[in-house]
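Welcome! Please open the structure in your viewer and get ready to select residues as we go.

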Amino acid sequence: MMAASIRMADNSNSKVMKTMIMFSIGMITCPIFSYFFSKSFIFEGVFGMPHESSYFYSAIVSIVVVHIILFMFIYVAWTEDAKPQPPFKIE
């Protein structure tokens, strides 16, 4: 009976850890990628902006990406434990 509750706690802890690692990786890589992608290809390539203006607008894009990732993390953390677990029968 004690082993079942320990396995259940280990399963939920590993799920929380996987979620945290995935969002941490996303928080590091996505804003950096979006900064350089939007600077090089969108603002300088498509719109033909000078370097001075493209730095500013690509920084705004990366800040928006950070906020989107934070919102997604809060949403996942908020809805993660929405399903109540059935209690174990103690004999």
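Leaving aside its neighbours within four places in sequence, which residues is Thr 19 in contact with? Select Thr 19 and look around: beyond those neighbours, Val 76 and Glu 80 are in contact with Thr 19, where contact means heavy atoms within 4.5 Å.

Before we move on, a word about what is on your screen. This is a predicted model, in which local features need pLDDT of at least 70 and side-chain atom pairs count only at pLDDT 80 or more, while totals for chains, interfaces and linings use all residues. Residues are numbered from 1 along each chain as its sequence is written, and side-chain values use heavy atoms, with hydrogens and water left out.

**Stop 1: the whole chain**

Zoom out and colour by secondary structure. The protein chain has two helices and zero strands; helices (H or I, at least four residues) and strands (E, at least two) are DSSP runs, numbered from the N terminus. Of its 91 residues, 15% count as buried. Here buried means under 20% relative accessible area, exposed means over 50%, and partly exposed is in between (1.4 Å probe, protein chains only). Among contacts with a separation of 6 or more, 64% come from residues 24 or more positions apart.

**Stop 2: Thr 19 again**

Now select residues 2-46, which form helix α1, and find Thr 19 there. Thr 19 counts as buried because its relative accessible area is 16%. Its side chain reaches the backbone oxygen of Lys 15 at 2.9 Å.

**Stop 3: along helix α2**

Next, select residues 51-79. This is helix α2, with 29 residues, and from its first C-alpha to its last it reaches 42 Å, close to the 42 Å expected at 1.5 Å a residue. (The expected span is 1.5 Å times one less than the number of residues.)

Which residues of α2 are buried? Highlight Ser 54, Ser 58, Ser 62, Val 65 and Ile 69 to see them. A handy rule to keep in mind: an α-helix has 3.6 residues a turn, so residues three or four places apart point the same way.

Then show Phe 73, also in α2. Phe 73 counts as partly exposed because its relative accessibility is 29%. Leaving aside neighbours within four places in sequence, Phe 73 is in contact with Met 20 and Phe 23.

**Stop 4**

Go back to Ser 54 in helix α2. Ser 54 is buried because its relative accessible area is 0%. Not counting residues up to four places away in sequence, Ser 54 touches Lys 39, Phe 43 and Glu 44.

The structure holds one salt bridge. Is Lys 39 buried or exposed? Lys 39 counts as buried because its relative accessibility is 10%, whereas Glu 44, at 22%, counts as partly exposed.

Terms used. A polar contact is a pair of N or O atoms within 3.5 Å; within protein, one must be able to donate a hydrogen and the other to accept it, and residues adjacent in sequence count only if both atoms are side-chain atoms. A salt bridge is a side-chain nitrogen of Lys or Arg within 4 Å of a carboxyl oxygen of Asp or Glu.
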